[in-house]
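Please keep the structure in view while working through the points.

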Amino acid sequence: MPTEPLPPEPASDFVPFATAALDFHRAINMPVEPLAAGRAELDSLHAHLIALYGLLDAHTARTTPVADVEGDHLRACRVRLWQAAGHLHTAFHAAPLPDTGHLPNREACRTQLPEGTPDLTVCQRHLATSARVRRDHTPADLRGPFTGLIRH
């Protein structure tokens with residue numbers, strides 16, 4: 001019985017370059033002394049996680065129909081990335097304000113109201129992705145603790 005040929009490999013694999021860029025960024029830009037991450041750094045990290053979520057989403061959609069167990073693991077990875085992006089979004093709103101260096105007051109943190117542009121972009125990105133996340137995952141998926149146990 002003949003099998004279908006494997007699809008051609010992508011023209012270029014940029015993921016190793018993105019990984020190297022993150023490693024380079026950490027080596028060059030991370031101070032040795034304790035210092036809280038700024039809003040710009042948290043915004044960039046959030047954008048990176050959202051892009052990685054999109055890449056894993058595409059891989060999950062392609063993989064699950066042909067490899068159920070692998071697809072299930074990719075799906076779990078997507079959920080964990082979304083949870084991490086949620087924590088980054090919250091950390092962004094808890095970080096000191098760039099103009100004054102003061103921490104947002106407790107009420108501003110609780111309501112998570114954006115402080116205007118460019119701070120609004122992290123919220124827009126998060127809300128746009130959350131619509132897709134809510135469509136693809138159940139609330140139990142998104143809030144369930146990760147125990148390390150797998151179903152297969």
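1. α3 passes α5 in a left-handed crossing; a crossing is left-handed if the near helix is turned anticlockwise from the far one by less than a right angle, and right-handed if clockwise. The model is predicted, so that local features need pLDDT of at least 70 and side-chain atom pairs count only at pLDDT 80 or more, while totals for chains, interfaces and linings use all residues. Residues are numbered from 1 along each chain as its sequence is written, and side-chain values use heavy atoms, without hydrogens and water.

2. Helix α3 covers residues 68–94 and helix α5 residues 120–136; they pack at about 150° with axes 11 Å apart. Helices are DSSP runs of H or I, with at least four residues, numbered from the N terminus. Axes are lines fitted to C-alpha atoms over the stretch in contact, and angles run from 0 to 180 degrees between N-to-C directions. The angle makes α3 roughly antiparallel to α5 (over 145 degrees; under 35 counts as roughly parallel).

3. Where α3 meets α5, the residues in contact (heavy atoms within 4.5 Å) include Trp82 and Phe92 in α3 and Val122 and His126 in α5. By class, this contact has six nonpolar, six polar and three charged residues. Ala, Val, Leu, Ile, Met, Phe, Trp, Tyr, Cys and Pro count as nonpolar, Asp, Glu, Lys and Arg as charged, and the others, Gly among them, as polar.

4. How do α2 and α5 pack? Their angle is about 25° and their axes are 10 Å apart, and α2 and α5 are therefore roughly parallel to each other. Their crossing is left-handed. Among the residues that meet are Asp43 and Ile50 in α2 and Arg125 and Val133 in α5.

5. The structure holds four salt bridges, each a side-chain nitrogen of Lys or Arg within 4 Å of a carboxyl oxygen of Asp or Glu. One of them joins Asp43 to Arg125, with the closest N and O atoms 2.8 Å apart. This pair links distant parts of the chain, since Asp43 lies in helix α2 (residues 39–63) and Arg125 in helix α5, 82 residues apart. Asp43 is buried at 19% relative accessibility (buried means under 20% relative accessible area, exposed over 50%, partly exposed in between, with a 1.4 Å probe and protein chains only).

6. Arg135 and Asp136 also meet in a salt bridge, at 3.5 Å from N to O. Arg135 is exposed, at 62%, whereas Asp136 is partly exposed, at 23%.

Note on methods. Helix = DSSP H or I, 4+ residues; strand = E, 2+ residues; numbered from the N terminus. Parallel < 35°, antiparallel > 145°, perpendicular 65-115°, else oblique.
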